[in-house]
2 protein chains.
Amino acid sequence: MNTRDTLETPVAVVNLDRLEANIARFQQYCDQHQIANWPHSKTHKIPAIAAMQRAAGAAGICCQKLSEAEVMADAGFDQICIPYNLLGEQRLARLANLMQRATLTVSADSAETVAGLGHAARLAGRTLAVLVECDIGGQRCGVQNPEEAAALARTIAATPGLAFAGLLAYPLAPPLEAFVAGTRAILAADGISVGRVSAGSTAGMWQIHEYPSVGEYRAGMYIYGDRGTIARGAIAQQECALHVIATVVSRPTPTRAVLDAGSKALSSDISGLAGYGLILEYPDALIEKLSEEHAHVDLGSSARTPQIGERVTILPNHCCPVSNLFDQIVGLRGDAVEVIWPVAARGKLV
Amino acid sequence: MNTRDTLETPVAVVNLDRLEANIARFQQYCDQHQIANWPHSKTHKIPAIAAMQRAAGAAGICCQKLSEAEVMADAGFDQICIPYNLLGEQRLARLANLMQRATLTVSADSAETVAGLGHAARLAGRTLAVLVECDIGGQRCGVQNPEEAAALARTIAATPGLAFAGLLAYPLAPPLEAFVAGTRAILAADGISVGRVSAGSTAGMWQIHEYPSVGEYRAGMYIYGDRGTIARGAIAQQECALHVIATVVSRPTPTRAVLDAGSKALSSDISGLAGYGLILEYPDALIEKLSEEHAHVDLGSSARTPQIGERVTILPNHCCPVSNLFDQIVGLRGDAVEVIWPVAARGKLV
C-alpha cells in the first residue's frame with residue numbers, strides 16, 4: 001500500500017477527511033443563511049473536488065480564466081461563473097463555443113468588455129448573464145461607484161444577447177451594502193432590478209450573513225486553508241488540508257537546513273507572513289528564503305533540528321499557487337494514499 | 001501567418017534573434033577564456049534550446065532536479081550535471097537508471113548524500129563523478145570551509161563507485177579562490193587532486209576569467225535575461241529575449257490599469273526590484289501588485305496610459321519561474337511565429 005512516507009518529495013498532499021469537513025462546514029453555513037455557494041475552482045483546479053462541492057450543495061462553480069471553465073465544462077459542469085473581463089476576438093469566440101454547453105455568468109467593468117460579450121452572445125445565439133463588477137475598496141477591477149455601476153447595467157440591459165444579472169464584488173467589506181443600495185436606487189428609476197449580488201473571499205466567509213444584500217458567494221481557499229487564511233481568522237491550523245511534504249537535503253550549519261521544495265513548489269507568495277511556509281514538525285524554524293528548488297531554513301530559534309534525509313510537512317502561505325505548480329495532488333486518508341488527482345486545470349492561462 | 005499580434009494572451013514569447021545572439025556571445029566569451037560552458041537548463045526547460053547551446057559549444061548541460069535530467073536524457077543529452085544533493089531510495093534508484101544512458105556529474109555537501117550516491121553508483125555498476133558543493137558566502141547548500149571540503153572529498157574518494165571530481169560553488173564571489181586553494185592544499189597531502197572547479201550564476205558570467213581556478217561555469221539566465229539580470233549588470237535591456245505579452249482588461253480609474261497576466265504568468269518573484277515586471281510600452285508604469293490572474297498597474301507616473309483591449313509587453317523580474325508557469329513558449333522571428341516549444345521539463349519537481 002502506498003503511504004505518505006513512500007511518496008517522492010516534494011509532493012502536495014491533501015488530507016481527505018479535512019477536505020470533506022471543510023466542504024461540508026461551509027456549505028452548512030451557506031445553507032443556514034440561504035446563501036448560494038459558488039466555490040472558486042481556481043484553488044484546486046480539480047474536477048473531482050468541484051464535484052464534491054456540487055454534491056454538497058454548491059449552486060455552481062467559479063473559474064478565473066475561460067480556459068479553466070473549458071476544463072470544468074469538459075468534466076460536465078454546466079453552471080459556471082467567470083468573474084473576469086473577457087476580451088479579445090479569439091477569447092470571445094471560445095466564450096461563444098462554451099455557451100453551447102454550459103450556462104455561464106460573466107462579469108464586466110467597462111463598456112468595451114460589454115460590447116465584446118454582446119458579440120459573443122449573438123455569435124452563440126444565446127443570452128449571456130453579466131454581472132457588473134464593483135470596486136468596493138479592494139482596488140482590483142471594478143466600477144468605482146453606484147453611478148458607474150448603474151450606467152454599465154443600463155448598457156448591458158440595452159445590449160442584444162446580454163442580460164444584466166446583478167453586481168459582483170471582491171472582497172467582502174463594509175462599503176458593499178451602500179454600493180448595492182445606491183445602485184439599486186438609481187436603477188429602480190429605469191425599471192432595472194439588481195437580481196444577483198455576488199461577493200467573495202475566503203477571509204470573509206463566516207461574515208456573509210452580516211451583509212443582507214449578498215445572495216451568492218465565491219470562496220476558494222476554504223477547502224484547503226493555508227497560513228494566510230489562518231492569519232485572516234477564517235480557518236484553524238488543524239483544519240488545513242493541503243501540505244507539501246519535503247525532504248531535508250542539506251544541513252550546511254547547525255542553524256541552517258535546506259529542503260527540496262522551493263518556489264517551484266511553494267510559490268514566492270509571502271502574503272505578509274514571516275517566512276514562506278510553516279514546518280509543522282519544527283514550528284519555530286523559519287523558511288527565510290526560497291530559491292527555485294530549495295527552501296532555506298533558519299533553525300536559530302528551534303530547539304530541535306532535523307537531520308539530512310528527514311521528511312517534513314509544510315503548510316504553505318497560499319494554497320492556490322501550490323495547486324498551479326503541481327501536476328498532481330495526492331489525497332491521503334490518514335497516512336494511506338487513497339487517490340491521485342491530476343490538476344486538470346493547472347496552467348490554464350488564457 | 002501567425003504573428004505576435006494573433007497570440008492569445010497572456011503568452012510567453014522569445015525573440016529568437018536575441019536568444020541566438022545571447023547563446024553565441026556567452027559561448028564566445030567561454031571559448032576565449034577556455035571555460036567549459038555548462039548552461040543551466042532550468043531557465044528554459046526546453047530540449048531544443050539546450051540543443052542550440054550544445055551546438056554552440058557547450059560541454060554539457062545542468063539540470064536542477066533529477067526529473068529535469070530525465071527529460072533532457074530522453075531528448076538525447078548525455079553530458080548532464082545535477083548540482084543537487086540527491087537523497088532518498090526512489091530518487092537514487094532513478095539516478096542509477098539514468099546513469100545507464102547519460103554521463104552524469106552530481107554534487108554533495110554531506111556524508112549522508114555521498115553514502116546514497118555510492119549506493120546508486122554500485123546499483124548502476126558505473127562510476128559516478130561527484131563534486132563537493134562549497135558555500136562561499138551564498139548561504140545556500142555547501143560545506144563551510146576547506147577542511148570540510150577536504151574531508152568530504154576523502155569520503156567520496158574512499159566510496160566504491162564514486163569518483164571525487166572537484167568542487168562546485170555558487171555564486172561567483174571573491175572567497176572562491178581561497179576556498180579552492182585551501183582545499184587543494186589539504187588534499188595534496190592525501191594525493192587527491194581537485195580536478196574540476198565549477199562556479200555559477202548569470203550575474204557573474206562576464207567576470208569568470210578573473211577567477212583562475214574556475215574551469216567550468218553554470219549560467220542559466222544569460223539566454224533570456226530579465227530585470228534582475230539587468231540590475232546585476234550582466235545583460236542590457238535590448239538583449240533580453242523573453243517577454244510576456246498581456247492585454248489590458250480593465251481601467252478602473254485614470255491612474256490604474258489591470259492586465260490579464262498575474263502571478264500565474266509572471267511569478268511573485270520581486271527580486272529586490274520595484275514592481276513585478278517592466279511594461280516596455282509604458283516604462284513609467286508600475287506593476288505594483290499581482291493577484292493570480294491580474295497585474296495591477298499604477299499609472300500615476302506615466303504620461304501616457306493604455307486603453308482597454310490594448311496589448312502590452314512585459315519584461316519579467318525573473319525569467320526562470322516564467323518558464324515553469326507556461327506549458328509552451330512561442331519563438332518569434334521579428335513579429336512572425338517561427339516555432340512553438342513545449343516546455344518539456346516544466347513542473348519537474350522530484
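In which sense do strand 5 and strand 6 of chain B pair, and over how many bridges? In this predicted model, strand 5 (residues 103-108) and strand 6 (residues 128-135) of chain B pair in the parallel sense, and 4 bridges connect them. The legends below begin with the sheet that holds these two strands.

**View 1. An open sheet of 8 strands in chain B is paired in the parallel sense.** Reading across the sheet, the strands of chain B follow the order 2-9-8-7-6-5-4-3. Strand 2 (36-37) and strand 3 (61-62) of chain B stand at the edges, and because each has a single partner strand, one side of each is left without a neighbour in the sheet. Where strand 5 of chain B pairs with strand 6 of chain B, B:Ser107 is found opposite B:Leu131, which belongs to strand 6. Helix 5 (residues 111-124) of chain B lies across strand 5, strand 6 and strand 7 (162-170) of that chain, and this helix runs at about 160° to strand 5 of chain B.

**View 2. Strand 16 of chain A pairs with strand 1 of chain A in the parallel sense and with strand 17 of chain A in the antiparallel sense.** Strand 1 (residues 11-15) is joined to strand 16 (residues 328-333) of chain A by 3 bridges, and here A:Val13 has A:Val330 as its bridge partner in strand 16.

**View 3. A:Phe26 and A:Tyr29 belong to an aromatic cluster.** Over all chains, the structure holds 10 aromatic pairs. For A:Phe26 and A:Tyr29, the ring centres are 6.1 Å apart and the planes are at 20°, so this pair is stacked. Because the two residues are 3 residues apart in helix 1 (residues 16-32) of chain A, about one helical turn separates A:Phe26 from A:Tyr29. Both A:Phe26 and A:Tyr29 are buried, and together with A:Trp206, A:Tyr217 and A:Tyr222 they form one aromatic cluster.

**View 4. In chain A, the charged end of A:Arg54 sits over the ring of A:Phe77, and in chain B, B:Arg54 lies over the face of B:Phe77.** The charged end of A:Arg54 is 4.1 Å from the centre of the A:Phe77 ring, while B:Arg54 is placed at 4.2 Å from the ring centre of B:Phe77.

Conventions. Residues numbered from 1 in each chain as written. Chains lettered and ligands numbered in written order. Predicted model: local features only at pLDDT ≥ 70, side-chain atom pairs only at ≥ 80, totals over all residues. Heavy atoms only, no water. Phe/Tyr/Trp six-rings, centres within 6.5 Å; stacked < 30°, edge-to-face > 60°. Buried < 20%, exposed > 50% of the residue type's maximum accessible area, 1.4 Å probe, protein only. Lys NZ or Arg CZ within 6 Å of the ring centre and 35° of its normal. Pairing = 2+ DSSP bridges. Contact = heavy atoms within 4.5 Å. Axes fitted to C-alpha atoms, helices over the stretch in contact; angles between N-to-C directions.
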